[in-house]
Amino acid sequence: MKNKFLMVLILLVSSLGLAQDNVVIITPDQDTRVITTGIPFALIATDARAAGLGDMGVATSPDAYSQFWNASKNVFSENQSGVSLSYTPYLSKLVNDIGLASLTYYNRFNENSAFGVGFRYFSLGEIESTDNSGNSTGVIKPNEFTIDASYSIRLSDQFGMGVGLRYLRSDLKIDTGNNDNTVASTFSADITGYYQSEEQAYSDFNGRWRGGFAIQNIGPKFKYDEAGIENFQPTNLRLGGGFDFIFDEYNKLGVTAEFTKLLVPTPPVRGSRFEYTDVNDNGEYDAGTDVVIDDNPNYIIDGQDNDVPFLSGIFQSFGDAPGGFKEELQEFTYALGAEYVYQDAFSLRAGYFNEHETKGARKFFALGAGFKYNVLNLDMSYLFSSSKVPSPLEGTLRFSLTFNLGAGEYDEY
């Protein structure tokens with residue numbers, strides 16, 4: 001990101017004899033306003049199926065990873081229960097000890113209810129700590145993790161909702177010997193919903209509509225240390241819809257589109273503002289001559305203050321972008337995905353993910369495949385970056401493993 005500095009001189013001339021108070025604002029020409037949060041790893045797709053579809057999962061058909069995307073899908077599962085595990089290498093082109101692992105379990109214990117639990121662990125590998133003389137003081141292993149639990153209920157034949165609770169913990173701070181290496185932790189909640197229509201007959205095929213929403217990581221701000229600033233959680237809104245083309249009992253094609261927005265305030269445009277007394281009465285600021293009255297290098301020039309409580313931040317996030325409605329739209333990411341399934345045993349997937357250039361510039365294509373044998377599902381995916389900003393997951397092959405227990409217990413299709 002390039003920062004150029006544009007000086008905007010605003011002279012407030014008041015008739016106060018020979019002395020005049022003036023205001024000068026120096027503002028950077030900000031080309032980007034990327035929204036940042038604490039514990040951002042909670043936004044990374046953990047499973048290969050979602051990754052192969054372009055990082056989506058709020059409106060796709062139910063699977064064992066619904067816990068992380070839309071827990072209300074659990075109550076539409078054909079299987080009574082399932083266990084899944086996955087591992088995603090991170091920055092694999094640079095290091096080999098950074099990665100994201102996950103474990104989930106769900107149980108649809110009757111026709112209308114289900115619960116699920118999940119665990120995600122993000123390891124940043126090993127870092128050798130040294131003192132000022134370069135002597136080793138030990139090896140630290142910074143990490144973050146979340147623990148989830150959810151309950152979902154079917155409100156009608158086609159629609160269900162779910163609620164979830166999450167504990168988030170981040171242990172990233174390096175011990176400097178001052179006993180200030182505190183661990184950041186907080187909690188949050190999810191609210192989700194999922195719609196799945198009955199199978200309908202069309203002229204050349206049957207079909208089924210899908211739709212879903214999720215508001216995730218609703219919770220208080222937190223600090224990484226007592227003296228630090230408060231960080232927003234990665235609160236986000238996910239909306240999606242899709243359609244399944246059912247050509248016959250062996251062939252099915254599902255297409256899905258999803259949109260995501262962080263429910264976190266947009267950083268305002270800030271610059272330096274100072275008032276001064278025009279000693280020379282020449283209408284201009286003269287360094288060394290005029291007297292500076294007040295200096296504020298963190299003055300908000302455009303936008304709204306983003307130092308607000310988390311609930312206020314959620315509502316503020318829909319209308320606080322300095323660029324107005326156009327910039328608000330730029331804060332939405334979107335994903336498009338397609339999944340072909342043959343005999344419920346083999347799947348091919350493709351997806352695309354897009355984020356605006358001024359909001360992070362993540363853009364990539366993804367490919368994936370899935371295999372099912374008895375109670376076992378194996379999924380894999382691969383990512384191709386299409387942005388000038390390389391993805392830390394580019395060229396990474398991801399795998400997920402699922403064990404379906406009580407297969408075919410419920411008839412949903």
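Strands S15 (236-246), S16 (251-262), S21 (363-373) and S22 (376-385) each give at least two residues to the lining of the largest pocket. Strands here are DSSP runs of E with at least two residues, numbered from the N terminus. This is a predicted model, in which local features need pLDDT of at least 70 and side-chain atom pairs pLDDT 80 or more, while totals for chains, interfaces and linings use all residues. Residues are numbered from 1 along each chain as its sequence is written, and side-chain values use heavy atoms, without hydrogens and water.

**Largest pocket**
- A pocket is an open set of points on a 1 Å grid over the protein atoms alone, with protein on both sides within 12 Å along at least five of seven lines; lining residues have an atom within 4 Å of a point.
- The largest pocket holds about 1000 Å³ of space, a volume being the space filled by probe spheres set on the points.
- Its lining has 39 residues, and Pro 40, Leu 43, Ile 44, Glu 355 and Arg 362 lie nearest the centre.
- S16 supplies the largest share of this lining, 3 residues.

**Second largest pocket**
- The volume of the second largest pocket is about 860 Å³.
- Among its 38 lining residues, Glu 78, Lys 252, Val 341, Asp 344 and Lys 372 lie nearest the centre.
- Two or more lining residues come from each of S16, S19 (332-342), S20 (346-354), S21, S22 and S23 (397-405).

**Phe 119**
- Phe 119 is part of strand S5 (residues 113-123).
- Phe 119 counts as partly exposed because its relative accessibility is 31%, between the limits of under 20% for buried and over 50% for exposed (1.4 Å probe, protein chains only).

How values were computed. 1 Å grid on protein atoms, 1.4 Å probe; cavity = no way out; pocket = protein on both sides within 12 Å on 5 of 7 lines; lining within 4 Å. Helix = DSSP H or I, 4+ residues; strand = E, 2+ residues; numbered from the N terminus.
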